[in-house]
Amino acid sequence: MAGGNERSMKALKEVWRRAENSLCADCGKPDPDWASSTLGVFICLSCSGIHRNIPSISKVKSLKMDHWDDAQVQFLAKHGNAVTKATYEAHIPIYYYQPTYNDCQVLREQWIRAKYERKEFTEPGKQFPYSDGVKEGILWKRGRDNGQFLPRKFLLSEREGCLKYFTKQDAKEPKINVKIDVINATFQPVKIGNPNGLQLTYLKDNKTRNIFVYHESGKEVVDWFNAIRSVQFHYLKVAFPIASDNEIKNRLTRNFLKEGYMEKTGPKQREAFKKRWFTLDHRRLMYFKDPLDAFAKGEVFVGSRENGYSVQKGLPSGTQGNFSWHYGLTIVTPDREYLFTCETETDQLDWIAAFTSVINQAMTPQEYASKCLHAVSF
């Protein structure tokens, strides 16, 4: 018996060591140490928890702590991540967002359920709830002034190239009509306080407006997210006919590079530093009094190093403004210096790394145009 166990463990380790199985099959996290004995995929601990919620589809076991018999090991050897992905990820629409281990629970759960439970990507030409070019339904939207979440009707239309929402179900005119090419969508469960919380941002008069929504159904809110990406993709295909599909895919919805609290001072650099919520959305650095504010209190454009932008650790000597946090950083632009302080050294280094990643990228022609229009009230 002991010899049989040793043989099974040796065979299991050989399959486990294959290059194709070195990343989680669902989120890409390195060194997965769980596997599904019914699907034949190697997965991380976090994704294994999602698999446990669909026991009719997937039975998961620890590769380190659980016993694997010969038949189960042979099943893993026959399948593995590459073979299983070839079946369950055969026909993913290019605009569909495939989450990573850094993404929130609802995105990862609906990705796993879409693959294995609903088998959405196993056949070509399948119609999805997010691929029709139009989507209409109710989302719970946070009120700009009172902070209450109330049901609002939203309408997404590829033909009209816009997203609308209505304050009443039978309203003929929308409260807001937003062009699809200026919308971004990013999941914000912690900030919104709901596991299915979605932040919609768009540009109005070259300033950013935030809308915070959620839906009770994780599937429904992820369908809305991918419907926005689908409509954007087809809109941009027409607008940029010579661009490749991958180039267009990279212009769809994006996560913010960094968010969090810092202290800031005014342009004279003698005022007291005030705690504010900051969002770095590629080259837009915005600050808010509250993370759920609809409008930014100020924005600044973060350009490239070759255009005179840099980030420096610490504050200039002689800085006079009073501050309670002592880990400073300075953004240098051709016009002025922007001074910030962070609560911890880790926050300071994370912000510096985020700014550096932006500043080291060359600016596109569109970003040059955006800089010329950009408001610099800070």
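How many residue pairs are in polar contact across the interface of domain 1 and domain 2? In this predicted model, local features require pLDDT of at least 70 and side-chain atom pairs count only at pLDDT 80 or more, while totals for chains, interfaces and linings use all residues. Residues are numbered from 1 along each chain as its sequence is written, and side-chain values rest on heavy atoms, with hydrogens and water left out.

The chain is divided into domain 1 (1-117), domain 2 (134-250) and domain 3 (258-376), with bounds that come from an automatic or database domain assignment. Between domain 1 and domain 2, the C-alpha centres lie 33 Å apart. Their contact (heavy atoms within 4.5 Å) takes 8 residues from domain 1 and 17 residues from domain 2. About 1,100 Å² is buried between these two domains, and carbon and sulfur atoms give 73% of that area; buried area here is the accessible area (1.4 Å probe) that two parts lose on being put together, summed over both. On the domain 1 side, Ile-94, Tyr-95 and Val-106 supply 54% of the area buried against domain 2, more than any other three residues.

To return to the opening question, the rule finds 2 residue pairs in polar contact across this interface, both at pLDDT 80 or more. A polar contact is a pair of N or O atoms within 3.5 Å; within protein, one must be able to donate a hydrogen and the other to accept it, and residues adjacent in sequence count only if both atoms are side-chain atoms. Salt bridges (a side-chain nitrogen of Lys or Arg within 4 Å of a carboxyl oxygen of Asp or Glu) number 0 across the interface of domain 1 and domain 2.

The structure as a whole holds 18 salt bridges. One of these joins the side chains of Lys-191 and Glu-259, at 2.7 Å from N to O. Lys-191 sits in helix H6 (residues 189-192) and Glu-259 in strand E11, 68 residues apart, so the pair links distant parts of the chain. Helices (H or I, at least four residues) and strands (E, at least two) are DSSP runs, numbered from the N terminus.

Strand E11 also belongs to an open sheet of 7 strands, ordered E14-E13-E12-E11-E17-E16-E15 with antiparallel pairing; two strands pair if DSSP finds at least two bridges between them. Strands E14 (298-301) and E15 (310-313) stand at the edges with a single partner strand each, so one side of each is left without a neighbour in the sheet.
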